[in-house]
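Dear colleague,

I am passing on the structure we spoke about, with the sequence alongside. Please look through it first, and then read the notes below.

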Amino acid sequence: MAIRQLSETLINQIAAGEVIERPASAAKELIENALDAGATRIEIATAGGGKALLRVSDNGSGMDATDLELAVRRHCTSKISETLEDIRTLGFRGEALPSIGSVARLSIASRRRDSTGGHEIAVAGGKIAHMRPAAANPGTIVEVRDLFFATPARLKFLKTEKAEAGAITEIVKRMAIAFPAVRFVLSGSDRTTLEFPATGDDHLARMAQVLGKEFRDNAIALDAEREEISLTGFAGVPTFNRGNSAHQYAFVNGRPVQDKLILSAIRGAYAETIPSGRYPVAVLSITLDPALVDVNVHPAKSDVRFRDPGLVRGLIVGAIREALTRDGSRAATTGASDMLRSFRPGFQPNSQRPQGGWSAETSPSRPFQPTTGFGERPQASFDGLSMPTARAEPQFSPQPTAPEPTARYPLGAARAQIHANYIVAQTEDGLVIVDQHAAHERLVFEAMRKALHSKRLVSQVLLIPEIVDIPEEDCDRLMQHAAELSELGLAIERFGPGAIAVRETPAMLGEVDAHGLIRQLADEIAEWDTASGLSAKLEYVAATMACHGSVRSGRRLRPEEMNALLREMEVTPGSGQCNHGRPTYIELKLSDIERLFGRS
């Protein structure tokens with residue numbers, strides 16, 4: 001069979017198969033062109049999920065007749081010259097417009113700011129129409145109709161109009177986060193209008209527009225740099241998580257990407273802090289020399305390749321973990337909202353509601369001030385604690401002294417233990433409910449993690465070794481890692497073909513269910529199936545041990561034990577969630593309680 005040159009139209013249609021996969025792909029390319037043109041206002045209109053109509057209007061620099069004629073031809077671009085080593089624009093391949101024109105009906109009307117008139121050019125199924133003058137405002141309007149009419153087979157692979165419209169919405173959201181100084185408006189007959197006003201340099205305000213105002217209250221700022229690679233952005237506290245990874249946004253030199261390396265680094269940074277099947281919310285912006293990253297990996301330009309991927313991953317993991325250690329122990333503000341929604345009051349709230357937050361002076365129903373202490377016998381031991389605040393000061397003083405600065409405790413003072421599992425504490429402006437098992441589990445884990453980096457954990461020798469019967473293959477796996485387990489204070493020996501003798505357990509765990517611990521470790525090692533040992537998994541093992549050695553649900557605590565637990569939580573990194581990612585406490589402000597009773 002003889003080799004022959006393909007026609008220009010067929011070449012563009014083949015390219016369109018990679019560049020324009022769906023309406024959202026076309027929207028992405030057109031928005032990128034508008035941003036590269038310096039637009040500060042971009043309006044997107046759709047119909048039929050973008051299949052019937054996709055229109056992108058901008059107030060950018062615009063094009064003259066010569067530029068328009070070249071713009072619809074393959075590999076014509078103003079963004080690069082002779083090298084791919086210094087790409088500083090979103091687009092650069094010169095494939096988007098000719099690819100769209102080869103599979104759809106494309107029209108472009110544009111006018112330069114310094115020009116008195118504009119021009120329009122049209123392309124339908126790869127056929128370019130003659131240029132003509134057109135009335136146009138400064139900027140460019142690109143209109144795409146009947147997408148894939150020239151390649152009907154591609155239409156069969158598109159999803160419903162609603163799904164395609166949703167994909168375009170996601171593209172606009174990512175672009176909006178990346179460029180907060182640009183105003184975006186998304187409208188059409190297939191959707192409700194979505195508008196993102198420009199926020200200038202306030203990136204967090206734009207993120208709140210896209211991700212919701214709750215993200216602002218639950219975000220931790222990131223700012224790190226390593227070997228001329230900088231990372232900025234915001235990471236949500238671990239208890240502020242979602243059911244999928246759609247709320248993770250990454251940008252490289254301003255370019256929105258969906259890179260596996262970055263997503264994997266985010267997942268690794270939140271290890272041990274988020275429950276299985278849940279995903280953190282994060283917005284990361286990486287800035288580096290363009291020569292250190294390859295953006296020409298795929299025509300869609302959503303994947304990148306870093307020259308030093310290990311450095312980038314380490315920067316992301318380190319920055320997020322440092323931020324979580326610094327400020328990630330607080331519980332998500334959504335916990336109180338979820339609690340409030342779970343209540344079903346049997347009355348209608350009062351119609352008169354005071355403005356502002358709660359205060360004892362302005363509340364229409366001031367809280368009762370007890371003078372006789374706790375009346376219930378089980379609560380008598382709490383009577384000696386200060387009622388109004390969580391201040392740490394002596395109850396009695398032999399002589400008047402100058403008032404000392406008030407020591408405010410974020411988690412307050414313990415007031416009660418309910419159902420032998422939950423600690424209720426009073427704070428300066430509300431109350432906190434703590435899951436004692438989850439909280440203590442986290443404290444033990446952090447203590448074990450800290451000890452791992454210094455020396456072998458202290459162990460306690462069992463007077464009578466615990467013999468645990470497990471399958472022979474599990475015994476083999478455990479004994480392969482006996483030395484590593486010993487570093488955690490767990491000393492085991494083989495006791496016949498199908499049994500393990502536990503001779504020492506970590507001292508900080510106290511009384512341990514050795515049988516349950518050994519069986520769970522055996523299951524986890526079988527799942528990991530690591531031939532190189534558990535050195536990379538020691539923290540996971542420590543988390544498992546911490547769960548078995550924590551204060552159990554159902555154990556009654558004395559007031560001093562509860563307060564000691566609260567004080568330790570306040571100074572322990574990551575204490576806002578247990579090792580499995582569940583919240584350890586929920587805080588209710590007095591304004592929330594007032595709302596429950598219809599007082600605000």
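A contact here means that heavy atoms lie within 4.5 Å. Counted in that way, and taking contacts in the chain between residues at least 6 apart in sequence, 70% join residues at least 24 apart. Please keep in mind throughout that this is a predicted model.

As for the chain as a whole, it holds 18 helices and 25 strands, and of its 600 residues 46% are buried.

I looked at helix H10 in some detail. The buried residues in H10 are Leu311, Val312, Leu315, Ile316, Val317, Ala319, Ile320, Ala323 and Leu324. These buried residues pack against several elements, namely strand S10 (219-226), strand S11 (229-236), helix H9 (260-269), strand S16 (282-287) and strand S18 (305-306).

Strand S16, one of those packing partners, also contains alanine 282. Buried is taken as under 20% relative accessible area, and alanine 282 counts as buried because its relative accessibility is 0%. Leaving aside residues up to four places away in sequence, alanine 282 touches Phe234, Ala235, His247, Gln248 and Tyr249. Along the chain, alanine 282 and valine 237 are 45 residues apart, while their C-alpha atoms are separated by 9.3 Å.

The other region that I would point out is an open sheet of three strands, in which the order is S22-S24-S23 and the pairing is antiparallel. Its edge strands, each pairing on one side only, are strand S22 (459-469) and strand S23 (491-494). From one strand to the next, the twist averages 20°. Between S23 and strand S24 (residues 499-506) there are four bridges, in the antiparallel sense, and glutamate 493 stands opposite alanine 501, which is in S24. Helix H13 (residues 472-480) lies across S23 and S24, and runs at about 130° to S23.

Key:
Residues are numbered from 1 along each chain as its sequence is written. This is a predicted model: local features need pLDDT of at least 70, side-chain atom pairs count only at pLDDT 80 or more; totals for chains, interfaces and linings use all residues. Side-chain values use heavy atoms; hydrogens and water are left out. Buried means under 20% relative accessible area, exposed over 50%, partly exposed in between (1.4 Å probe, protein chains only). Helices (H or I, at least four residues) and strands (E, at least two) are DSSP runs, numbered from the N terminus. Two strands pair if DSSP finds at least two bridges between them. Axes are lines fitted to C-alpha atoms, for helices over the stretch in contact, and angles run from 0 to 180 degrees between N-to-C directions.
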